[in-house]
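Here is a friendly walk through a protein model for someone meeting it for the first time. Have a look at the sequence and the 3D view, then read on.

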Amino acid sequence: MFSSTYLLPLLFFPLANSQQANVDLSWHAPNTTWINTLSSVINGTGIHGFIFNSSQLPPGTKYGTYSWCNMPHVRREEYPVADKQYELEYVEVIHRHHKRTPYASNTFPKESYPWYCSDEGLFYYGQPLHPKRNSSASAYWSVYTTNTNPFVPAGFNGTCQFPQITREGLDDSWQHGKDLYEVYHDMLRFLPDQLADKVTYRVTNNVITSQVAGMLIEGMYKTPAMVPLRIQPPSVDSLEPAYTCSAASNLFSSYGVGSRSPAWTAHLTAAKALYATLDSISGVSTASSDWHQSFDHYFDNLSARQCHSKPLPCAISDPSNCVTQEEADAVYRLGLYEYSFIYRDSSSSLQASVGSYGVWIAELAQNIRDRISGASPVIYRHNVAHDGSISRLLSILQVDVMVWPGMGSEVVFELYKKKGTGSKRFVRILWGGQALRSSSPTLGKVDMLDVDVLLAYFDGLVGVGASKVAAYC
């Protein structure tokens with residue numbers, strides 16, 4: 001279906017030790033699995049052991065199993081401790097936010113039951129830093145409606161924002177922080193005992209990432225202190241990403257969501273009967289292009305319900321006409337298929353992701369260089385982001401099996417210095433808590449890869465200071 005290599009060439013980059021490395025910047029196809037095999041997705045049943053209905057794994061299920069509601073991450077029980085000859089010098093974490101209510105655009109025109117979030121508060125207020133006199137009350141939003149207001153909100157009634165991190169998602173965020181701290185502080189003695197300039201946290205302009213960050217930091221440091229969350233202006237934010245790159249957007253649109261490419265429309269055509277059933281239950285218009293150019297909307301709507309133990313929806317006009325588990329599973333298979341196609345299976349995916357996420361990659365590369373040179377005192381950076389962030393990152397790293405990154409999906413970059421080798425550094429990339437495997441022969445299994453090779457790979461794709469991204473966009 002696709003060409004075997006991407007347009008970028010095999011290049012030679014000088015390394016710090018004056019040797020040259022073969023750095024292959026070509027696109028390499030991911031492994032073939034049921035996820036990216038259309039016949040298996042359309043004709044198959046179930047979800048192959050993947051979990052979509054709880055943050056907790058069923059008894060006897062191995063940690064590391066794909067769990068949409070709470071993806072596996074670094075934690076003490078499974079952490080692969082490096083050989084004693086390696087000394088950890090720098091860690092950068094990026095992960096998706098934790099579970100939430102669906103986006104308002106992904107709710108049905110009228111939902112058959114309400115969704116309440118009265119067991120949590122969303123705190124939105126400003127406060128002077130180090131106030132001498134005046135401080136702020138801990139004010140939070142409390143959603144309500146009145147019988148006097150004749151206008152009824154679309155989607156779910158209740159007391160939630162759409163989206164917002166739910167109470168269960170807040171708890172998952174706290175546990176995520178606790179698990180990371182138990183590894184990088186308690187086990188490895190790497191993190192400082194108290195929050196300091198050596199540790200930073202970053203979020204996007206979407207408030208749900210801040211909702212996660214507050215809980216996560218408390219899970220790590222259990223401190224009431226005020227903690228700055230680093231954030232870039234919304235027009236240039238590299239983490240979400242939100243900067244403008246029309247070339248990348250146009251490339252995505254040429255083969256993915258909204259395109260008329262037969263490679264993309266094949267699964268939509270094969271799923272017409274499923275669409276007809278879902279539309280008859282949801283009340284979504286069959287003419288709605290947003291709901292029918294991908295399965296994103298139905299996927300978010302159904303998975304958000306099931307992650308919070310809510311029933312699958314039924315038609316307002318006929319409560320006996322409900323989405324079945326088999327139909328929900330089919331939506332999940334199709335969603336996974338779409339993300340694999342958009343971010344890995346298409347030979348255009350690497351360039352599209354480089355253009356739209358290359359600035360964050362360049363920032364990561366600079367962070368690593370600054371730690372090696374001593375230009376920065378920061379030893380741990382933590383980024384709370386989105387599925388689009390993690391998907392593009394996995395695309396650039398050319399992960400060998402692509403999935404839709406579920407709630408809390410995590411990638412960790414660890415920089416090590418090998419004892420007795422002078423200035424030699426090595427990097428390990430953990431995806432879901434274990435060493436990431438890449439289809440790129442330059443990266444392979446990223447477990448103590450020469451950091452100069454990784455930096456040469458990044459530089460070759462995005463340029464130092466994202467110079468190639470700026471030129472492309």
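## A guided look at the model

Let's start with one spot in the chain: Gln398 sits in the loop between α11 and β9. Its phi is near 55 degrees, a positive value in a residue other than glycine. Is Gln398 buried or exposed? With a relative accessibility of 0%, Gln398 counts as buried, because the cut-off for that is under 20%.

Met448 is not a glycine either, yet its phi is positive, at about 65 degrees. Met448 belongs to strand β12, which covers residues 447–450. Its relative accessibility is 16%, so Met448 counts as buried.

The protein chain has a mean pLDDT of 94, and 96% of its residues reach 70 or more. Residues 1–7 are another matter: there the pLDDT is below 50, and in the model this stretch has 19 contacts beyond near neighbours in sequence. The pLDDT is also below 50 over residues 15–19, a stretch with eight contacts beyond near neighbours in sequence. Where pLDDT is low, the predicted coordinates should not be read in detail.

### A strand with two partners

Now on to strand β3, which spans residues 86–96. Why is β3 described as largely enclosed by the rest of the structure? Ten of its eleven residues are buried, so the rest of the structure largely encloses it.

Which strands does β3 pair with? One is β9 (residues 410–418), joined to β3 by nine bridges, and the two run antiparallel. Within this pairing, Glu92 stands opposite Phe413 in β9. The other is β8 (residues 380–385), joined to β3 by six bridges in a parallel arrangement. Here Val91 has Tyr380 of β8 as its bridge partner. As a rule, the side chains in a regular strand alternate between the two faces of the sheet.

### Two loop residues

The loop between α1 (38–43) and β3 holds Asn70. Asn70 has a relative accessible area of 16%, so it is buried. Leaving aside residues up to four places away in sequence, Asn70 touches Ser55, His98, Asp172 and Met407.

For a contrast, go to Gly420, in the loop between β9 and β10 (425–431). Is Gly420 buried or exposed? Its relative accessibility is 85%, so Gly420 counts as exposed. Gly420 is 335 residues from Gln85 in sequence, but the two are 8.3 Å apart in space, C-alpha to C-alpha.

### Pockets

Rolling a probe the size of a water molecule over the atoms shows where empty space is left. The largest pocket has a volume of about 1,300 Å³. Its lining is made up of 31 residues, and Phe123, Tyr125, Gly214, Val227 and Leu229 lie nearest its centre. The elements that give two or more residues to this lining are β4 (122–123) and α3 (207–221). Which element gives the most to the lining of the largest pocket? That is α3, with seven residues. The lining of the largest pocket divides into 17 nonpolar, twelve polar and two charged residues.

The second largest pocket holds about 930 Å³ of space. It is lined by 35 residues, and those closest to its centre are Asp296, Tyr339, Tyr343, Asp387 and Arg392. Two or more residues of this lining come from each of α4 (246–255), α8 (296–307), α9 (325–345) and α11 (387–397). By class, the lining of the second largest pocket has 13 nonpolar, 13 polar and nine charged residues.

How values were computed: Residues numbered from 1 in each chain as written. Predicted model: local features only at pLDDT ≥ 70, side-chain atom pairs only at ≥ 80, totals over all residues. Heavy atoms only, no water. pLDDT = per-residue confidence, 0-100. Contact = heavy atoms within 4.5 Å. Buried < 20%, exposed > 50% of the residue type's maximum accessible area, 1.4 Å probe, protein only. Helix = DSSP H or I, 4+ residues; strand = E, 2+ residues; numbered from the N terminus. Pairing = 2+ DSSP bridges. 1 Å grid on protein atoms, 1.4 Å probe; cavity = no way out; pocket = protein on both sides within 12 Å on 5 of 7 lines; lining within 4 Å. Points joined across faces, edges and corners; volume = space filled by probe spheres on them. Nonpolar A, V, L, I, M, F, W, Y, C, P; charged D, E, K, R; others polar.
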